[in-house]
Amino acid sequence: MIKVQGLTKSFRRQPVLRGVDLEVPTGSIAVVIGRSGGGKTVLLRHLIGLLRPDAGSILVEGVDITRLTGHEIDGIRRRYGVVFQGGALFDSLTCAANVAFPLREKLRLGRAEVRRRVRDGLAAVGLEEIGAKYPAEVSGGMRKRVAIARALVTEPEIVFFDEPTTGLDPVLVHTIHNLIRDLHRRHRFTAIMVSHEIPEIFTVADSVAMLHEGRIIEAGPPAVIQSSANPVVRRFIHGEIEPGTDPQSH
Amino acid sequence: MNDTPLAWPLRPFEALGRATITGLESLGRFGAFLGEALLILFTPPLKVGALLRRVQFIGFRSLIIILLTGAFTGMVLALQLYLTLTRFGSEAFLGPALAISIIRELGPVLSALMVTGRAGSALTAEIGIMRITEQIDALTVMALNPMRYLVAPSILAGVLTFPLITAIFDAMGLLGGHVIAVELLGLSSGTYFGEIKTFVDMSDIMTGFWKSLCFGVIVTWVSTYKGFYVGHGAEGVARATTQAVVLASVLILVWDYFMGSVLPF
């Protein structure tokens, strides 16, 4: 169980998170939706320990990671897999070497085991043939899939996805979501995904939370969110323009 | 924290105080960055692959520019010194005058400045791009210390390669000076090298060696620091790269003066 309680964060006196509360049961996929610039990525960076909150707590299986020192938090991070928005693949390494990197450096596995796991990892995302290529030599969609393979190759208990389908065409968006669903079915990891792929995301998520103006304003199963009576949630999921924000009206 | 704005006559003092605190914080972070990198260097495991790549990048790939600048520095220095020394009738001492200038001063300083321009700027840009594309964050969330993979090997590579690069610069400078002195100005080769052997001693060589060692740390420290704490986007990387070159160059010259005044003559 991951439990976020009263998380607040400001940058240069500008509040971004104003008391976020969120619960993610073990083994489920939770998706945080919300408008661009609404603090979704900031929330995710707190969850993976890259940012420290001004107040509040993040409990991962009962351990408050906001109180851990840098060395202690590494113990929690060993259970994590993270897919960054741009993939964050090491551009000096081939795709296969990227997938092998956490196996060699984090788990310190032997050469044969690394080779086997890399082959299986790339096969799981349908990219066995591009292992020898560098990230710059493959398409954006392939890069995202290699990033997913790298995040999952260590068989983490908790996986974070930061907008894993941003900038991809609708077919690829569908492919990546299917892939995440499929890998989740096989590995049963707990997943927290930040996304604004509406309505596609409702087919992937076990639960959805809407982050608006630094707070979770509604959370629940996809069906509940889709039939929400909250006007902000309704406007967001139906892509309606908020009153007073239509640039055409000025 | 009290957010009430101060009365306008007090605002310059507030700005000065804020700038001082920011400056001191940056200085502390700059020092702590080197401290952490040195600590990592003395705690295994050493990332040998990363170290070898950095040695190749900083040292081997700087060779051509070092060979060229070394040779031409020796050549131009020979011309200038000959002009001066003939006025005193001491042109026989062209060899040692040139050798001492290059070995003690110009070799370490100019080769460090050249490597700063070639490898230091690239190091900042590379680490800066890794930062803005979240590659450094990726290392962190894998529970791996990016300092161990990116910074410590660069600083060790600087320590290992700078003295060698400086030695190559010195040798090329002496050869360049020899070409001008012997082939163009008519000095005998025996006089040129013989006087060098008489007047250049071990303390001159050690002065150049210690300087190059320090410059190796300065260049890699500044370059990796500026890349590690880069601003946002392409503009941030461009600014960091410029700052790294300027800061490293200034520190090289300041530290050169400091060492020149402390080390034995």
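**View 1. Chain B has nine helices and zero strands in its secondary structure.** Helices (H or I, at least four residues) and strands (E, at least two) are DSSP runs, numbered from the N terminus. The model is predicted: local features need pLDDT of at least 70, side-chain atom pairs count only at pLDDT 80 or more, and totals for chains, interfaces and linings use all residues. Residues are numbered from 1 along each chain as its sequence is written, and chains are lettered from A and ligands numbered from 1 in the order in which they are written. The C-alpha trace of chain B spans about 75 × 55 × 35 Å along its principal axes. Chain B has 265 residues, of which 41% count as buried; a buried residue has 20 or more other C-beta atoms within 10 Å of its own C-beta, placed from the backbone. Of the contacts in chain B between residues at least 6 apart in sequence, 87% join residues at least 24 apart, a contact being two C-beta atoms, placed from the backbone, within 7 Å.

**View 2. Helix 3 of chain B covers residues 63-87.** Its 25 residues reach 36 Å from first C-alpha to last, close to the 36 Å expected at 1.5 Å a residue; the expected span is 1.5 Å times one less than the number of residues. Among the buried residues of this helix are B:Ile66, B:Met75, B:Leu81 and B:Tyr82. The buried residues pack against helix 4 (94-132) and helix 6 (146-184) of chain B. Just after helix 3 of chain B, B:Gly89 has a positive phi of about 65°.

**View 3. Four strands of chain A form an open antiparallel sheet in the order 2-1-4-5.** Strand 2 (14-24) and strand 5 (63-64) of chain A are at the edges with a single partner strand each, so one side of each has no neighbour in the sheet. Strand 1 (residues 2-11) and strand 2 of chain A pair in the antiparallel sense over eight bridges; pairing requires that DSSP finds at least two bridges between two strands. A:Lys9 has A:Leu17 of strand 2 of chain A as its bridge partner. Helix 1 (residues 40-47) of chain A packs on the sheet, touching strand 1, strand 2 and strand 4 (55-60) of chain A, and its direction makes about 60° with that of strand 2. Axes are lines fitted to C-alpha atoms, for helices over the stretch in contact, and angles run from 0 to 180 degrees between N-to-C directions.

**View 4. Strand 7 (residues 158-162) of chain A is largely enclosed by the rest of the structure, because five of its five residues are buried.** A:Ile158, A:Phe160 and A:Asp162 point one way from strand 7 of chain A, and A:Val159 and A:Phe161 point the other way. Strand 7 of chain A pairs in the parallel sense with strand 6 of chain A over four bridges and with strand 8 of chain A over five bridges. A:Val83 is opposite A:Phe161, and A:Ile158 is opposite A:Thr190.

**View 5. A:Val194 lies in strand 8 (residues 190-194) of chain A.** A:Val194 is buried, with 26 other C-beta atoms within 10 Å. Leaving out residues up to four places away in sequence, A:Val194 touches residues including A:Val32, A:Leu44 and A:Phe161. A:Val194 and A:Gly34 are 160 residues apart in sequence, and their C-alpha atoms are 8.6 Å apart in space.

Terms used:
Buried ≥ 20, exposed ≤ 12 C-beta atoms within 10 Å, placed from the backbone.
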